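User: I am new to this structure. Please take a close look at the ligand surroundings and describe them in one connected account.

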Amino acid sequence: MKRALITGITGQDGSYLSGLLLEKGYKVYGLKRRASTENYENIKNIKKEIEFISGDLDDLSSLIQAVKLSMPDEIYNLGAQSFVTDSWSQPVYTAQVTGLGALKMLEAVKQVKQDARFYQASSSEMFGRVIETPQMETTPFYPCSPYGVAKVYGHWITVNYRESYDLFACSGILFNHESPRRGIQFVTRKVTDAVARIKCGLQTELRLGNIDAKRDWGFAGDYVKAMWLMLQQEKPDDFVVATGETHTVRDLVDAAFSYVGLRWEDYVVQDPAFMRPAEVDLLLGNPEKAKKELGWEPKITFQELVEMMVDHDLEKYSQIT
Ligand code: NDP
Ligand code: GDR
């Protein structure tokens, strides 16, 4: 039985990935940081099958201990302060967890189990300012937020540990991916949750920031398969994972409101409070390398994704109204 250690197990991707690995017969260990109020919502259906290990990406000793306890064949480093907006109000913390956390996890691998295969959750936010489109593995990075800068550190330290110590370390440069388990602060979920609340008479308006921003949005359930595939290859490498399609936030809002028979113009208010100090205007990925070398394909379309998320939120609110 293969063993996997996942950081960020309570998050969106951690929940889909742990489900996938359990289906494949893995023994799954999850690094879980202490919280006053427990937060197992995303993994409530599989919680009993996971072995949790207490730890924090900011604490190297806890990561060394986690690797010793799990002795994993594969490690997926998904833990991060992952909300771009908060990286301006908490830049040092973001650098410590999202950037140095990757280094600490790699150090734990190097010190305890050098033959473990390592996945780093890199991000399209590393591309930041538009230098070329579509963005691919060779596109230069120009991050536009403390989060993006921290992810660039995590990416390059992964490459460096692979080259310095011969670790099987891969970096997946994933473009935005969403699901009904997406945190409520992120724009897709904020929109689908609001559409459901408005439809159920619980809310009258939706306040948003920049609706001209363009993102390459896919489904999280598809993207965790690419993470797993990267660690099954003969050689470690880095891959862009994206749909190859981009949409504005306005398109997203239009798709979600139209789906329930409403006009978005009647409800959406642009609010400067949700504008960012620096914006990434356009993300559009080229997933050709992942398609060719991993045999990976995204299955869920943008429209299907929006409908899946609206349906989920509608069901949630229709039960309480
Ligand atoms: P989430 O925000 O849903 O989950 C983040 C996870 O990290 C949570 O389990 C959280 O735990 C954990 N975490 C936060 N701080 C720490 C810490 N100090 N020590 C240990 N664990 C911590 O993110 P996603 O699932 O969406 O993303 C997974 C990873 O992929 C992240 O690294 C993200 O930056 C990256 N990424 C995501 C993309 C996306 O579109 N979703 C695209 C590209 C990259 P808790 O529940 O306790 O808060
Ligand atoms: P992003 O996702 O920053 O791309 O990072 P988010 O959903 O937060 O923003 C996407 C775009 O929507 C615009 N926007 C708003 N965003 C939020 N959150 N709230 C609003 O009200 C709003 N109005 C407009 C944003 O300005 C932005 O252009 C996500 C995270 O999952 C990262 O961890 C990951 O690395 C990247 O995706 C790829």
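Analyst: The shell around ligand 2 holds nine nonpolar, seven polar and five charged residues (nonpolar: Ala, Val, Leu, Ile, Met, Phe, Trp, Tyr, Cys and Pro; charged: Asp, Glu, Lys and Arg; polar: the others, Gly among them). This is a predicted model, in which local features need pLDDT of at least 70 and side-chain atom pairs count only at pLDDT 80 or more, while totals for chains, interfaces and linings use all residues. Residues are numbered from 1 along each chain as its sequence is written, chains are lettered from A and ligands numbered from 1 in the order written.

Of the 21 residues around ligand 2, Ser123, Phe186, Val187, Gly209 and Ala213 come nearest; a residue is near if its C-beta atom, placed from the backbone, lies within 6 Å. Domain 1 (3–177 + 218–241) and domain 2 (183–216 + 246–283 + 299–318) each give at least three residues to this shell, with bounds from an automatic or database assignment.

Around ligand 1 there are 27 residues, of which Gly8, Gly11, Gly79, Ala80 and Ala121 come nearest. Two or more residues each come from α1 (12–23) and β5 (117–123), named as DSSP runs numbered from the N terminus (helices: H or I, at least four residues; strands: E, at least two). The largest share, three residues, is from α1. By class, this shell has nine nonpolar, 14 polar and four charged residues.

In α1, the buried residues include Gln12, Tyr16 and Leu21, buried meaning 20 or more other C-beta atoms within 10 Å of a residue's own. Just after α1, Gly25 takes a positive phi of about 90°.

Terms used: Buried ≥ 20, exposed ≤ 12 C-beta atoms within 10 Å, placed from the backbone.
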